[in-house]
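Student: Could you walk me through how to read a few local features in a model like this one? I'd like the general idea each time, then the case itself.

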Amino acid sequence: MTDTNDYPPSAGEAGGETIDLHRLIAVFRRRLKLFAAVAALVFLIVAMFTLSETPKYTATANLQINTRTQEVVDSKAVLSGLTPETSVVDTEVEALKSPELAAAVVDELRLIEDPEFNGRLQTPGLVETVKGWFGLAPDRSAPTTEAGREAERQRVINGVGQRLSARRVGLTYSMNLSFTSESPVKASRIANLLADKYLESQLNRKLDATGQANTFLGSRLNELRQQMQLADAAVSNYRIANNLLSSEGFTLTEQEISAYNQQLASVRAQEAEQVARLRTARAQLASGSNGDDVGEALTSQVVQNLRAQRAAISARVADMSSRYGPLHPDMVRSQRELADIDAQIQAEIRRIISNLEAQVRVAQERTGSVQSSLSAARGALASNSGASVQLRELEGNAEAARAVYQSFLDRYRQTSAQVGTEQADATLVSRASIPTSQSAPNVMLNLALSLVLGLGAGLAAVVLLEMMEAGVGTTDEIERKLGLPSIGSIPLVSSIAESADRGISPIDFAVKKPLSVFAESFRSLRTSINYAAGSQASKLVVITSALPGEGKTTTAVGLAQVSAIAGSRVLLLDCDLRRRAVTRAMGLNTDAGLVELLQGTTTLEAVLKRDEASGAYILPLSNVVATQDVFGTQAMDDLLAKLRGSFDLILMDTAPVLALADTRILAAKADMTILLVRWRKTPARATNAAVKMLQQSGAYILGAAMTQVDVNAQAKQGYGDAGYYYSEYKKYYSA
């Protein structure tokens, strides 16, 4: 028969992957005890840890980056202040966490001697005490070497750093510096000291930078001073060597030429004046003048005196001419005196003219002398022009050395003036006060978190176990995990039996309680068989499972009994050669059975047994274990053909598929195979392996049926399965 099973897809497969809230609730309800246990355990552990933890207190100091600084001196600082930028503020926050600050606090407060920070000084705890019993406790003796002491100090510094926190307040320039300690006073003291050390470190950096700058500038000034002096000496020596001495920015030769030019202009003007005066006098004399109107004569005192005498004599002559004649002795004498004075005046005029000529000659000689000196000076200047080029280079070097020296000198004076005016780049806005309430542990928050953590852990445990769930628990899981239709669900008798019926064996329960849900489950299974067989008169059905203990025998017996009670001629074959489960369950003890019948040593009528309670027939197995293949023989085929003519329903209780090959042989001969799966126990992988083996044998698998289902648990947890609604239809059954 075909090995293909066609059945409609589940709602989830038909509609795509969706979240079924009811299914999740059912899973949660099924794992509720586990969830509650894990959640409670985690909650108690965290709560106990929280309540046993030593209280800690956090003190916070507030600092602010200075965006405005006091300008005490009008000069640029050696180490500039911090710029109010986000990256700068974040950098300073990290600087607050530096190990150097922690080390300064550890050394100043001697925290290495504080048991809170030095684990070596603490009282051993429970864990350490237990370790000590096995010699695993750490050595608590004081270190004797320098390296050991430094390592211990470093551990204390690291511990202080871990208790220190610094953060920026929003997007402002403020920073909060916090420290946590078991003592509120100690927390406040350490936080304030850390803030003070931070500000002190900023000032020290500026002081160090200024001191280093002064030291560098001082040493550099000495070098520059020597360089400047050497450059000036080179200029001076070169001037002397090349006669390039200067005053007021000009060389002596240049100054000499300038003086000669001035003198030459002056003497030339004087010469021109003298020549003009001489030329004028000569022109006047040449025009017939007696020299009285010559300019120099007009200004000569001698000529003026002579003219005065001549005027007096002329007046006397005029007076005498009116009284005496020309030959009068007084008249002649006066005339002689007048002629003598005129001769003297002419002689004086000639002398003046001669003097003018002498002055002209002197002026000409002076002009020539000055011109000669000027020419000599110009020659000297021309000879010194080549030397001036080198001089200017030396002067440039000297000037550059002087400028560098002056700039360093000015900067040295500025940095020297800045000593004592340095300011920190941050300000302590508020000091850390002594905290009045503990910062850790936050009992309420921790309890809330422990509750959340417990719920999360419980949920994780549920999810983990659900993921690790190997079996199937609902019809939907059968279809989804096994790829088979679900054709029935056999309840666990103990989950449905009343207290008075707890002593009834599952083999007899369907007969003794025909109206129970247990009996109804077999009727439902028989209906599935009849529906699959259609109009076929006789049905040959193999009942098997992947593993032992799945409830095959109970299912086979119950199905046979219910079908027989319903009026069908039913035969149940015990085909489990190793276990003989049906034979033992029905209390049969026979010397001949199915194996002997196939071997031809007995007849069918001799080995058939009838169950008086239900009317079903049973073909048992004897105690003889067959070692040869009895089901793959022609005798087995002939027997099954014969039985089809005598019975309406032939059931074969077989061995587990994974254990023996007998079941695969029988399944290939049967009309259909029913695969039983123990509720939430049988691994889906094992069942899938059995399905694959049966399909490879050519067996037609009608479907899978769950056995030993706890209907009470299924009613609470098996959402999607018919048993989920057991409480609603339970009233239809008597048990």
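Tutor: Let's go through helices, a helix pair, some loops and a few backbone angles.

Tutor: Bear in mind that this is a predicted model, where local features need pLDDT of at least 70, side-chain atom pairs count only at pLDDT 80 or more, and totals for chains, interfaces and linings use all residues. Residues are numbered from 1 along each chain as its sequence is written, and side-chain values use heavy atoms, with hydrogens and water left out.

Student: How many residues does helix 17 have, and what span does it reach?

Tutor: Helices here are DSSP runs of H or I with at least four residues, strands are runs of E with at least two, and both are numbered from the N terminus. The expected span of a helix is 1.5 Å times one less than its number of residues. Helix 17 covers residues 517–533, which is 17 residues, and reaches 24 Å from first C-alpha to last, close to the 24 Å expected. Just after helix 17, G534 takes a positive phi of about 65°.

Student: Which residues of helix 17 are buried?

Tutor: Buried means under 20% relative accessible area, exposed means over 50%, and partly exposed is in between (1.4 Å probe, protein chains only). An α-helix has 3.6 residues a turn, so residues three or four places apart point the same way. In helix 17 the buried set includes F518, F522, L525 and I529.

Student: At what angle do helix 5 and helix 7 pack?

Tutor: Axes are lines fitted to C-alpha atoms, for helices over the stretch in contact, and angles run from 0 to 180 degrees between N-to-C directions. Under 35 degrees counts as roughly parallel, over 145 as roughly antiparallel, 65 to 115 as roughly perpendicular, and the rest as oblique. Helix 5 (residues 99–109) and helix 7 (residues 146–163) pack at about 115°, with axes 9 Å apart, so the two are roughly perpendicular. On the helix 5 side, P99, A102, A103, V106 and D107 make the contact (heavy atoms within 4.5 Å), and they meet R153, V156, I157 and V160 of helix 7.

Student: Now a loop residue. Is T590 buried or exposed?

Tutor: T590 counts as buried because its relative accessibility is 11%. T590 sits in the loop between helix 19 (581–585) and helix 20 (594–599). A polar atom of the T590 side chain lies 2.8 Å from the backbone oxygen of A592. Beyond four places in sequence, T590 is in contact with K609, P620, L621, S622 and N623.

Methods:
A polar contact is a pair of N or O atoms within 3.5 Å; within protein, one must be able to donate a hydrogen and the other to accept it, and residues adjacent in sequence count only if both atoms are side-chain atoms.
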